[in-house]
Amino acid sequence: MLNVQIRKQFRSNGAQPFVLDVTASFAPGFTVLFGPSGAGKSTLLDCIAGLQQPDAGEIHLGDKLYFDAARNLSLPPQCRELAYVFQSLALFPHLSVEQNIRYGLGKLPVSEQIERAHNIATEFRIHNFLSRRPAELSGGEKQRVALARALVTRPRVLLLDEPLTGLDSVLRRSILEDLRAWNDANRIPILYVTHNREEVDAIGERVMTLVNGRVQESGTPLAVLDAPRSVELAHAAGFENVLPAIVVEHRPADGVMRVSLDHAACEIEIPLGDAAPGREVRVAIRAGDILVATELPHFLSARNILPGTIESVETRGAMVALCVKAGASFLVHVTPGAVRALDLSPGLLVWLVIKTHSCHLVR
Amino acid sequence: MNAEALFLSLRLAATVSILLLAIALPLAYGLAFSTWRGKFLVESVVALPLVLPPTVLGFYALVAMGPRGPLGKIWQSLFGHPLAFTFAGLVLASMLYSLPFAVQPLVASFESLDRRLLDASAVLGADRARTFWRVILPLAWPGVLTALVLSFAHTLGEFGVVLMVGGNLPGITRTVSIDIYDRVQALDYAAAHQTALLLLLISFVVLSIVYGVNRRVWSPWPAK
């Protein structure tokens with residue numbers, strides 16, 4: 001168990017100083033650190049690794065003390081027996097793949113270094129290019145080498161700072177599989193920083209959200225990310241629509257409450273939450289969770305059906321983003337096929353269909 | 001051409017550039033990585049020879065090395081002979097004179113290193129010494145080469161400092177630049193030209209090496 005209780009303040013010009021203030025325990029297995037950029041995720045990892053010093057607090061791994069501000073103790077990074085894969089990977093450009101992997105094994109006899117390096121290289125499927133330099137590798141291969149170099153040292157804590165950014169999802173899944181297999185065999189605390197929802201779902205043991213230097217929530221990915229409780233988090237978790245709203249009335253018998261959106265422009269039903277009537281709140285809705293109909297739909301279980309007008313149609317790769325004015329402005333994602341079939345174009349009258357449970361209360 | 005003077009100059013330049021590298025490496029490491037607030041003072045002292053007239057530098061070096069100067073006294077008690085007007089004295093003064101030419105390329109190349117590589121080395125269990133030998137030095141080699149070559153070339157061409165602390169003793173302190181000056185004074189332009197041209201060529205070749213290497217600094221390994 002890795003226990004962290006730290007505080008670090010950063011001076012900034014004029015603006016309010018940024019304060020990282022985290023108290024958390026990390027059990028063996030994956031913990032995903034999720035949050036908007038600038039929330040302090042990388043700083044937290046740097047403090048755990050000993051690359052930055054907190055102003056106050058303590059960090060320990062079981063009975064091994066990493067840092068204690070009160071006793072002015074800080075174990076240097078090279079004595080913390082942890083592994084850290086940086087976002088930039090930081091492979092040594094002047095060393096071969098094998099030399100990179102063996103770098104952290106300097107204290108072992110050469111024969112054991114070679115054996116361990118070759119075993120991990122096989123495990124991470126990079127044994128075919130041990131003699132290459134990092135510059136001669138593809139992105140995915142580099143990421144595998146960085147993971148192998150970190151894990152070959154048999155660390156007691158693993159820190160991963162967006163190690164799979166820039167990879168396509170097939171490659172990402174394959175590396176995540178290898179990482180998961182490794183985790184099953186070596187149960188240590190793994191802190192995994194990512195912005196990517198797909199990675200969260202693939203790893204998904206626990207998620208801890210960090211906003212403005214503070215832990216906001218922790219729990220299962222479903223509980224934390226599908227019901228974001230702050231605007232920053234809603235944006236980071238991929239909710240394109242975060243609309244200001246006022247609670248109109250509670251209907252406990254139906255398990256819902258009615259809110260008026262965007263200064264009483266329209267009303268929708270959302271799941272019953274702990275905000276009293278009259279309270280100002282925000283409602284987060286994913287653009288992909290909204291349906292578009294060109295005629296008023298009947299016989300639907302969805303409770304929110306809003307008439308509106310398409311304001312713009314914008315193709316973004318394999319997806320089309322519609323801006324629909326239905327009282328409030330909604331961003332809606334549909335497929336190019338749907339645009340053709342329904343002949344969606346600016347000025348067209350449409351109905352937006354939103355399930356009650358696709359609407360999330362945000363503070 | 002005076003082969004003796006040329007040989008002396010080459011010997012002086014080689015000695016100075018190698019000894020200077022040994023001093024400049026730790027100094028540059030401190031200047032590049034220390035977070036000490038008084039660092040700018042050390043930076044100023046290191047850069048001083050860039051702006052001081054060589055005669056001023058030579059004058060103070062001479063005073064310090066003279067029989068009543070602090071350096072001269074220590075030297076006399078250690079080796080039993082004076083320091084001023086000797087090859088050793090010339091080496092010391094030249095090291096001072098060429099210090100910024102060795103330190104600044106090293107600082108620049110250390111500072112341009114990706115800090116995350118040093119972090120990675122530390123997290124992988126390497127102490128500072130191992131990080132220095134295994135990561136910093138191999139990646140900063142163009143800076144090391146530049147430092148060596150520039151201090152070599154700069155020492156080879158120095159005049160004012162040598163004249164002040166070395167005088168003009170054939171085989172001991174008469175370097176090529178002094179020799180050229182002597183020939184011109186004696187109106188022997190042909191001999192002066194021969195030596196001057198040789199010095200010009202050496203300097204050009206040496207600088208070509210520096211710039212040639214630094215052109216490749218950013219891609220010393222196969223392209224990404």
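Predicted model: local features only at pLDDT ≥ 70, side-chain atom pairs only at ≥ 80, totals over all residues.
A residue counts as buried if 20 or more other C-beta atoms lie within 10 Å of its own, as exposed if 12 or fewer do, and as partly exposed in between.

Chain A holds 9 helices and 21 strands. The C-alpha trace of chain A spans about 75 × 50 × 40 Å along its principal axes. Of the 363 residues in chain A, 38% are buried. Contacts in chain A between residues at least 6 apart in sequence were also examined. Among these, 65% join residues at least 24 apart.

Two residues stand out by their backbone angles. Most residues other than glycine have a negative phi. Arg125(A) is not a glycine, yet its phi is positive, at about 55 degrees. Arg125(A) lies in the loop between α3 (110-123) and α4 (139-151) of chain A. Because 14 C-beta neighbours fall inside 10 Å, Arg125(A) counts as partly exposed. Leu187(B), also a residue other than glycine, has a positive phi near 65 degrees. Leu187(B) is placed in the loop between α10 (176-185) and α11 (189-215) of chain B. Leu187(B) has 7 other C-beta atoms within 10 Å and is therefore exposed.

Helix α1 of chain A covers residues 41-49. The buried residues are Lys41(A), Thr43(A), Leu44(A), Leu45(A), Asp46(A), Cys47(A), Ile48(A) and Ala49(A).

Strand β7 of chain A spans residues 82-85. In a regular strand the side chains alternate between the two faces of the sheet. In β7(A), Leu82(A) and Tyr84(A) point one way, while Ala83(A) and Val85(A) point the other way. All four of these residues are buried. β7(A) pairs with strand β8 (residues 157-161) of chain A in the parallel sense, over 4 bridges. Within this pair, Ala83(A) stands opposite Leu158(A) of β8(A).

Contacts between the two chains involve 20 residues of chain A and 19 residues of chain B. On the side of chain A that touches chain B, the largest share comes from β7(A), with 3 residues. By class, this side of chain A has 12 nonpolar, 6 polar and 2 charged residues.

Strands of a sheet pair through backbone hydrogen bonds, either parallel or antiparallel. One open sheet in chain A has 5 strands in the order β16-β20-β17-β18-β19, with antiparallel pairing. Its edge strands are β16 (290-293) and β19 (328-334) of chain A, each of which pairs on one side only. From one strand to the next, the twist averages 40 degrees. Within chain A, β17 (residues 304-316) and β18 (residues 319-326) run antiparallel and are joined by 7 bridges. Ile310(A) stands opposite Val324(A) in β18(A).

Met257(A) sits in strand β13 (residues 256-261) of chain A. Met257(A) is buried because 24 other C-beta atoms lie within 10 Å. Leaving aside residues up to four places away in sequence, Met257(A) touches Val247(A), Glu249(A), His250(A), Arg251(A), Ile270(A), Leu272(A) and Gly273(A). Met257(A) and Gly273(A) are 16 residues apart along the chain, and their C-alpha atoms are separated by 7.5 Å.

In chain B, helix α6 (residues 115-123) and helix α7 (residues 128-139) have axes that come within 10 Å. The axes cross at roughly 140 degrees. α6(B) and α7(B) are therefore oblique to each other. The crossing of α6(B) past α7(B) is right-handed. On the α6(B) side, the contact is made by Leu117(B), Leu118(B), Ser121(B) and Ala122(B). On the α7(B) side, Thr131(B), Arg134(B) and Val135(B) take part. By class, this contact has 4 nonpolar, 2 polar and 1 charged residues.

Terms used. Residues numbered from 1 in each chain as written. Chains lettered and ligands numbered in written order. Helix = DSSP H or I, 4+ residues; strand = E, 2+ residues; numbered from the N terminus. Pairing = 2+ DSSP bridges. Axes fitted to C-alpha atoms, helices over the stretch in contact; angles between N-to-C directions. Parallel < 35°, antiparallel > 145°, perpendicular 65-115°, else oblique. Left-handed = near helix turned anticlockwise from the far one by under 90°. Contact = placed C-beta atoms within 7 Å. Nonpolar A, V, L, I, M, F, W, Y, C, P; charged D, E, K, R; others polar.
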